Amino acid sequence: MATLLSPVLRRLRGLRRLPGLPRLAAEMPLRARSDGAVAGPLYSHHIPTSPLQKALLAAGSAAMALYDPYRHDMVAVLGETTGHRTLKVLRDRMRRDPEGAQILQERPRISTSTLDLGKLQSLPEGSLGREYLRFLDVNRVSPDTRAPTRFVDDEELAYVIQRYREVHDMLHTLLGMPTNILGEIVVKWFEAVQTGLPMCILGALFGPIQLSAQSLQVLVSELIPWAVQNGRRAPCVLNLYYERRWEQSLRALREELGIAAPPVHIQGLA
């Protein structure tokens with residue numbers, strides 16, 4: 001199972017070495033597609049793939065992601081190879097929103113190289129920036145672990161899914177969810193309602209198979225209804241320019257978005 005995608009990925013990496021292909025994607029400026037064909041890299045890290053290759057990648061990554069939910073690289077591949085139509089819908093929602101349109105235009109990124117960690121640490125208790133930093137510290141995670149987009153054949157849509165990945169930890173902070181299996185599943189239910197991305201729906205539906213009986217009962221009876229209700233009530237979370245809201249209190253932001261406090265404390269459940 002662990003080696004299921006290795007031959008496919010090796011073959012795709014070999015595409016960069018074939019004679020006649022343009023320079024490596026990392027060396028190329030962003031450019032728009034002129035037709036429906038995949039002619040070469042469109043952005044940094046882009047790997048052109050055919051529909052058949054995408055289907056193989058989708059099947060293999062889905063199997064690996066279900067086998068091991070913490071294989072974030074496989075979850076990323078699954079999202080890129082199955083979410084084209086949904087990404088277009090999300091992109092259009094961002095274009096229609098003033099804050100979302102500004103995000104699309106300016107293309108902010110969330111990483112340790114773009115975050116002013118000292119400034120976040122100096123913010124007041126309860127602010128979004130301070131609580132986000134606390135989330136990273138308590139759960140021992142880093143914004144640098146998000147894989148770069150590779151298999152989306154449209155540079156603007158590639159940014160949309162990259163932005164989704166990079167605000168994932170922000171959603172954990174907004175929802176008050178830890179990074180244990182139960183917390184990840186709850187966030188996936190929220191994301192599934194919010195985005196409609198196939199990988200989020202699959203994670204929400206099949207993630208619970210690894211839960212204990214106690215956690216499954218709490219999930220079904222309390223947390224799923226809470227996540228679905230919040231996901232429906234909140235505006236599109238991709239339209240929030242989080243980097244310009246660091247000083248806003250987390251409580252005020254939750255009220256603005258209509259996100260209620262979690263019904264139960266799930267730290268320690270798995």
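I began with α8 and listed its buried residues: Glu155, Glu156, Leu157, Ala158, Tyr159, Val160, Ile161, Gln162, Arg163, Tyr164, Arg165 and Glu166. The model is a predicted one. Twelve of the twelve residues of α8 are buried, so I noted the helix as largely enclosed by the rest of the structure.

I then looked up what does the covering. The buried residues of α8 are covered by elements including α3 (72-82), α4 (84-96), α5 (98-106), α9 (168-175), α10 (181-195) and α11 (198-206).

I checked the length of α8, residues 155-166. From first C-alpha to last, the helix reaches 16 Å, close to the 16 Å expected for twelve residues at 1.5 Å a residue. At its start, I found a side-chain oxygen of aspartate 154 within 2.9 Å of the backbone nitrogen of glutamate 156.

Next I turned to α3 and its packing with α2 (residues 51-67). The angle is about 145° and the axes are 8 Å apart. I recorded the crossing of α2 past α3 as left-handed. On the α2 side I listed Lys54, Leu57, Ala58, Ser61, Ala62, Met64 and Ala65; they meet Met74, Val75, Val77, Leu78, Thr81 and Thr82 in α3. Sorted by class, this contact has nine nonpolar, three polar and one charged residues.

Last, I looked up leucine 216, in helix α12 (residues 213-233). Leaving out residues up to four places away in sequence, leucine 216 touches Pro208 and Leu211. I also noted leucine 182, which is 34 residues from leucine 216 in sequence and 8.4 Å away in space, C-alpha to C-alpha.

Notes
Residues are numbered from 1 along each chain as its sequence is written. This is a predicted model: local features need pLDDT of at least 70, side-chain atom pairs count only at pLDDT 80 or more; totals for chains, interfaces and linings use all residues. Side-chain values use heavy atoms; hydrogens and water are left out. Helices (H or I, at least four residues) and strands (E, at least two) are DSSP runs, numbered from the N terminus. The expected span of a helix is 1.5 Å times one less than its number of residues. Buried means under 20% relative accessible area, exposed over 50%, partly exposed in between (1.4 Å probe, protein chains only). Contact means heavy atoms within 4.5 Å. A polar contact is a pair of N or O atoms within 3.5 Å; within protein, one must be able to donate a hydrogen and the other to accept it, and residues adjacent in sequence count only if both atoms are side-chain atoms. Axes are lines fitted to C-alpha atoms, for helices over the stretch in contact, and angles run from 0 to 180 degrees between N-to-C directions. A crossing is left-handed if the near helix is turned anticlockwise from the far one by less than a right angle, and right-handed if clockwise. Ala, Val, Leu, Ile, Met, Phe, Trp, Tyr, Cys and Pro count as nonpolar, Asp, Glu, Lys and Arg as charged, and the others, Gly among them, as polar.
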